[in-house]
Amino acid sequence: MSAMANESFKEDREMRQEHHSGPGKYIAVWGALMVLTLVTVFTGKMHIETGALALALVIASVKGALVALYFMHLAEHQGASRVVFITSMLFVVLMLLFTLFDIGTRFRPALPNAATPQEWPVETRGQSGRYGGGLKAPGTNPK
Amino acid sequence: MQSSTATAGVAGVPHRPQVAAHFASLEVQNHAARLGMWLFLATEILLFAGLFVIYANYRFLFPEAFALASRELNLNMGTFNTLLLITSSFTAAMAVHYAKEAKNKQVVLMFVLTILMALGFLVVKYFEYSHKFHEHQLPGPYYAFPGLTLPGASAYFTIYFLSTGLHAFHVVIGMIVLGWVTLKAMRNEFSHHNYTAVELGSMYWHLVDLVWIFLFPMLYLI
């Protein structure tokens, strides 16, 4: 037997300890997904001023986690499958955040002409930099 | 993986896949197949993530246009489709359960229900698309909807058609995959020893559901 087969035997022993979920769990997850969908539609229709996007994303993430854990059996399958899924999610978040950091912190006139991005809620001194926008009368700029 | 033997097609004889020499047991071989499926699904997740990134950045640039454009979608149809897809995911999960218990008839039933719901999803999507075409709410330069002329509105519909179009393409692929597994179930192939095809097919379907769970609030609920 090769070394690979030895690894394989180790995995075989470990896998005998796994448990499998039955229809009861599937029905519960299905019910939770249906309810969460109606909740997100309801809160979405309210058009909340602040935090609507965060709320919608949290509900979607909970629903996604339920699907991945129970329908896709990540809850009962240990090891590599989980690592692959978590790694892919990590890179989705990295790709999203870093492009948003770029677009969000750019010198505003460098964005498309008609763009109307949200202003930062707090005025930062960095926004009126020496080489950036917001220049006031000579001599009054922050050093 | 599924190397067929001479007895494979005989009714009543449970299909038993061969174990390749480098695997200790059938369970380990199935585990390797599942890991391969997860690697494929990871690439699918990152494929859709590209569209999510485009969405996030353009929504940051044009918040008002995106909010107004999303109100042009039919929320009732979108909600109906979401509930339909979640239910079809549930029946696909049940198919795996029945396959483990060698109840091939129920596997066929569950997958037929899944495929029918997928078809329903596409029919609703057709009505949504045809309405968008009628209103000229089309991607990029083809956008000519007089009701919403804010800059960025055409970008919203570009992203709408790209992401829902790619998703609908995945729905079609999923229907073909599940149809193929259904044919295998009709030949009584599945049992506790052999349910990898059912499990991986339904994993693909769950991914289609997973992507829609994020697309739905993104596009319909701004």
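What follows is a set of questions about labels, each answered from its definition.

Modeller: First, the ground rules: this is a predicted model, where local features need pLDDT of at least 70, side-chain atom pairs count only at pLDDT 80 or more, and totals for chains, interfaces and linings use all residues. Residues are numbered from 1 along each chain as its sequence is written, while chains are lettered from A and ligands numbered from 1 in the order in which they are written.

Biologist: What makes up the secondary structure of chain B?

Modeller: There are 6 helices and 0 strands. Helices are DSSP runs of H or I with at least four residues, strands are runs of E with at least two, and both are numbered from the N terminus. Along the sequence the pattern reads α-α-α-α-α-α. The C-alpha atoms of chain B fill a box of roughly 65 × 30 × 25 Å along the principal axes.

Biologist: What makes a set of residues a nonpolar core?

Modeller: The members are buried Ala, Val, Leu, Ile, Met, Phe, Trp, Tyr and Cys residues joined through C-beta atoms within 7 Å. The largest such core here has 80 residues, and B:Val107 and B:Phe111 are among those with the most contacts inside it. Helix H6 (residues 196-220) of chain B gives the most to this core, with 17 residues.

Biologist: Which residues does B:Val107 contact, beyond its neighbours within four places in sequence?

Modeller: A contact means C-beta atoms, placed from the backbone, within 7 Å. The partners of B:Val107 include B:Ala95, B:Phe190 and B:Val198.

Biologist: Why are H4(A) and H1(B) called roughly parallel?

Modeller: Axes are lines fitted to C-alpha atoms, for helices over the stretch in contact, and angles run from 0 to 180 degrees between N-to-C directions. Under 35 degrees is roughly parallel, over 145 roughly antiparallel, 65 to 115 roughly perpendicular, and the rest oblique. These axes come within 9 Å and cross at roughly 15°. H4(A) and H1(B) are therefore roughly parallel.

Biologist: And why is H2(B) oblique to H5(B)?

Modeller: The axes of H2(B) and H5(B) (residues 153-186) come within 8 Å and cross at roughly 55°. That angle makes H2(B) oblique to H5(B). The contact has 6 nonpolar, no polar and no charged residues. Ala, Val, Leu, Ile, Met, Phe, Trp, Tyr, Cys and Pro count as nonpolar, Asp, Glu, Lys and Arg as charged, and the others, Gly among them, as polar.

Biologist: How many residues does each chain bring to the contact between chains?

Modeller: Chain B brings 46 and chain A brings 48. H1(B) gives the most to the side of chain B that touches chain A, with 17 residues. That side divides into 30 nonpolar, 11 polar and 5 charged residues.

Definitions and conventions. A residue is buried if 20 or more other C-beta atoms lie within 10 Å of its own, exposed if 12 or fewer, and partly exposed in between; C-beta atoms are placed from the backbone. Two residues are in contact if their C-beta atoms, placed from the backbone, lie within 7 Å.
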